[in-house]
Amino acid sequence: MEIFLIRLLQFLLAISLLVLLHEGGHFFFAKLFGVRVEKFYMFFDLRVWKWDGSLFKFKPKKSDTQYGMGWLPLGGYCKIAGMIDESFDTEQMKQPEQPWEFRTKPAWQRLLIMVGGVLVNFLLALFIYSMILFTWGDSYVPVKNMTYGMKFNTQAKQYGFQDGDILLATEKGELKDFSADLYRQLSEATRVDLLRDGKPMSLTLPGDLNLLDMLKADPSFVRPLIPAVVDSILPGTPAAAAGLQKGDRITALNGTPVDSYNEFTDQVARLSDLLAVASTTADSLRLRTATIAYERDGRADTLQTCLTEDLKVGFVVKTLAGVYQPVTIEYGLLESIPAGVKYGWNVLASYVDDMKYVFTAEGAKSLGGFGAIGSLFPPMWDWYMFWKMTAFLSIILAFMNILPIPALDGGHVLFLLYEIITRRKPSEAFMIRAEYVGFGLLILLMVVANLNDILRWLGYM
């Protein structure tokens, strides 16, 4: 419960900040061009019977804008006078045009008002990335320094990879660290350079591997090889009861040799599959009774223990940063800005490139709603990860909002560009219908994404 609340608080704080600044972008340009903003709301004040849906609201003296917070935390909005938006206020549009309304302003001013939110979110992401680099630097473990090499699945081995290979580069450049970018680079590569048994060599790849399949495979296409050496024992666990100690090297599970912690977890996963179809308590107990072979101070030995119902053993190995020495690049204030801009641009380019997978069956299943987004935040409060996730969400919010879909900023931008090119405004009836269609599509997408979260939680996906 505590982990859930910490993630929820991080998610709400990040979303609140992003929505506030996004709507603030629209607000800024509207005020700059003398357009009246009638309401500025954090979250949606969806009416419930006789209640107007506002948790609180206030209107400063001599101000045309009512500020408030709604009860539905799905975003926020900035209601601009004389504009067809998600409020569907068609009565206002029937009234005579006023000089302080959105619809009476030149097209270029209306265009800037509509892109204001996206512009703020994108600049915010670049600023956050710059400040992350300035504050914490860029710390990572270079792939070339992972001297134990990598662990590959069956598909990867069909292309010639072998466990223990140390990846170096592709024709696109050096492989920096183990991240989604490494997978992306391998998926697009036609050549990969590596070290095998200390000797440099190259392998040929097709250049069009499916990135989503590589990431979702179990085991995944490639993982850093982690030694199966016990680093610590969790109290009250099967490992503690059986007498495992720090420094023990696991060599086999139930008679099957393991050459790494990766292989050990793969063997446990196979046990989990068998346990899922066990029909009796006796079968379950038999599968959970494990024989572990290990080496201690150069001597081989075995022990037997009963794993927990979810097949936890109770020992911990070193993390990647514990096995290898991380490299940290420090940035001064002036250096951090171009570095942050470059980093943010690469994040955006990768996200846009990955959008092609959304239109596949597996991509649709990978869509996630609020639960999936919230789970990306760490289980304990970590300002570094919080700001990194906030910057990433700001990039996503900017990109998604600029898509040419009615009801999104990009839909309004599309119609404004049409007006600028043809010098003809789309009719108000057309704009209202488009807004309804776009809003319906957004609701459908939100339902699908959050339904995927529920199905994953129930174990059906």
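**Before selecting anything**

The model is predicted: local features need pLDDT of at least 70, side-chain atom pairs count only at pLDDT 80 or more, and totals for chains, interfaces and linings use all residues. Residues are numbered from 1 along each chain as its sequence is written, and side-chain values use heavy atoms, with hydrogens and water left out.

**The whole protein**

The secondary structure comprises 16 helices and 18 strands; helices (H or I, at least four residues) and strands (E, at least two) are DSSP runs, numbered from the N terminus. Of the 461 residues, 42% count as buried. Buried means under 20% relative accessible area, exposed over 50%, and partly exposed in between (1.4 Å probe, protein chains only).

Switch to a surface view. The accessible surface comes to about 24900 Å², of which 63% belongs to carbon and sulfur atoms. Such areas come from the Shrake-Rupley method with a 1.4 Å probe, and for residues only the protein chains shown count as cover. A contact is a pair of residues with heavy atoms within 4.5 Å. Among contacts between residues at least 6 apart in sequence, 66% join residues at least 24 apart.

**First stop: the nonpolar cores**

Select Tyr129, Phe377, Leu393, Ile395 and Phe399, which have the most contacts inside the largest nonpolar core, a group of 26 residues. A nonpolar core is a set of buried Ala, Val, Leu, Ile, Met, Phe, Trp, Tyr and Cys residues joined through side-chain atoms within 4.5 Å. At least two core residues are supplied by each of α1 (2–32), β1 (37–44), α3 (107–136), α11 (333–354) and α14 (383–402). Helix α14 gives the largest share, seven residues.

Now centre on Phe377. Not counting residues up to four places away in sequence, Phe377 touches Arg7, Gln10, Phe11, Ala14, Phe386, Met389 and Leu393. A second, separate core of 25 residues includes Leu194, Leu209, Met214 and Phe221. In soluble globular proteins, nonpolar side chains tend to be buried together.

Select residues 166–170, which form strand β7; four of its five residues are buried. The strand belongs to an open sheet with the order β8-β7-β9-β10 and antiparallel pairing. Strands β8 and β10 stand at the edges, each with a single partner strand, so one side of each has no neighbour in the sheet. Two strands pair if DSSP finds at least two bridges between them.

On one flank, β7 and β9 pair over four bridges, and Leu167 stands opposite Leu194 in β9. With β8 (residues 173–174), β7 pairs over two bridges: Ala169 has Glu174 as its bridge partner, and Thr170 has Gly173. Two residues lie between β7 and β8 in the hairpin that they form.

Select Leu46, Val48, Trp49, Trp51, Leu55, Phe56, Phe58 and Trp71. Together these residues form a nonpolar patch on the surface with about 890 Å² of accessible area. Patches are made of residues with over 30% relative accessible area and no salt bridge; like charges are joined within 9 Å, and nonpolar side chains (Val, Leu, Ile, Met, Phe, Trp, Tyr) within 5 Å. A salt bridge is a side-chain nitrogen of Lys or Arg within 4 Å of a carboxyl oxygen of Asp or Glu.

Leu55 lies in strand β2 (residues 54–58) and is exposed, at 51% relative accessibility. Trp71 is in the loop between β3 (66–70) and β4 (72–80) and is partly exposed, at 32%. Beyond its neighbours within four places in sequence, Trp71 contacts Phe44, Asp45, Leu46, Val48, Trp51, Gly53 and Leu55.

Most residues other than glycine have a negative phi, and most peptide bonds are trans. Which bond joins Asp218 and Pro219? A cis peptide bond is found there, with omega about 0°; Pro219 is in the loop between α6 (211–216) and β11 (222–224).

Next, select Phe43 in strand β1. Its phi is positive, near 70°, and Phe43 is buried, with a relative accessible area of 10%. Finally, select Asp197, in the loop between β9 (191–196) and β10 (199–204). Asp197 has a positive phi of about 55° and is exposed, with a relative accessible area of 75%.
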